[in-house]
Amino acid sequence: MATYSCNQCEMSVNASCGACDAPLVNGMLDLDDGTSVQISECPNEHGKIKSPLCCGQDMTCSIS
């Protein structure tokens, strides 16, 4: 399961899909401008989300 953590306050969150309750998996999304964005996505193709925010910045997740 993807666990996002805040580098400033050490808050962390785990995420699961609201449609099927499957743990979200971490990944990267390549954008048209050549940059990449870290995401979590449902393994059952119900969608994906960008990383959550905390302390005014994106939370990070280790890619395994």
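Is threonine 35 counted as buried, exposed or partly exposed, and why? Threonine 35 counts as partly exposed because its relative accessibility is 38%. Here buried means under 20% relative accessible area, exposed means over 50%, and partly exposed lies in between (1.4 Å probe, protein chains only).

This is a predicted model: local features need pLDDT of at least 70, side-chain atom pairs count only at pLDDT 80 or more, and totals for chains, interfaces and linings use all residues. Residues are numbered from 1 along each chain as its sequence is written, and side-chain values use heavy atoms, with hydrogens and water left out.

**View 1. Threonine 35 sits in the loop between E3 and E4.** Strands (E, at least two residues) and helices (H or I, at least four) are DSSP runs, numbered from the N terminus. Threonine 35 touches Leu29 and Asp30, not counting residues up to four places away in sequence. Contact means heavy atoms within 4.5 Å. The side chains of threonine 35 and aspartate 33 are joined by a polar contact of 2.6 Å. A polar contact is a pair of N or O atoms within 3.5 Å; within protein, one must be able to donate a hydrogen and the other to accept it, and residues adjacent in sequence count only if both atoms are side-chain atoms. Now look towards cysteine 20. Cysteine 20 is 15 residues from threonine 35 along the chain, and their C-alpha atoms are separated by 30 Å.

**View 2. Three strands form an open sheet in the order E3-E4-E5, with antiparallel pairing.** E3 and E5 are the edge strands, and each pairs on one side only. Neighbouring strands of this sheet are turned by 40° against each other on average, direction ignored. Axes are lines fitted to C-alpha atoms, for helices over the stretch in contact, and angles run from 0 to 180 degrees between N-to-C directions. Two strands pair if DSSP finds at least two bridges between them.

**View 3. E3 (residues 25-30) and E4 (residues 36-41) pair over six bridges, in the antiparallel sense.** Valine 25 stands opposite glutamate 41 in E4. Aspartate 30 has serine 36 as its bridge partner in E4. Five residues lie between the strands of this hairpin. Among them, glycine 34 takes a positive phi near 95°.

**View 4. E4 also pairs with E5 (residues 48-50), in the antiparallel sense, over three bridges.** Isoleucine 39 stands opposite lysine 50 in E5. E4 and E5 form a hairpin with six residues between them. Glutamate 45, in the turn, has a positive phi of about 60°.

**View 5. Cysteine 61 lies in the segment after strand E7 (57-58).** Is cysteine 61 buried or exposed? Cysteine 61 counts as buried because its relative accessibility is 10%. Leaving aside neighbours within four places in sequence, cysteine 61 is in contact with Ala2, Thr3, Tyr4, Asn26 and Gln38. Asparagine 26 is 35 residues from cysteine 61 in sequence, yet the two are 7.3 Å apart in space, C-alpha to C-alpha.

**View 6. The largest nonpolar core has six residues in all.** Its members are Ala2, Tyr4, Cys6, Cys54, Met59 and Cys61. A nonpolar core is a set of buried Ala, Val, Leu, Ile, Met, Phe, Trp, Tyr and Cys residues joined through side-chain atoms within 4.5 Å. In soluble globular proteins, nonpolar side chains tend to be buried together.

**View 7. The structure holds zero disulfides.** Cysteine 20 is in no disulfide, and its nearest cysteine sulfur, that of cysteine 42, is 3.7 Å away. A disulfide is a pair of cysteine sulfur atoms within 2.5 Å. Cysteine 20 counts as partly exposed, at 32% relative accessibility. Cysteine 42 is buried, with a relative accessible area of 5%.

View 8. Glutamate 10 is in the loop between strand E1 (3-5) and strand E2 (12-14). Glutamate 10 is exposed, with a relative accessible area of 70%. Aspartate 21 is in the loop between E2 and E3. Aspartate 21 counts as exposed, at 57% relative accessibility.
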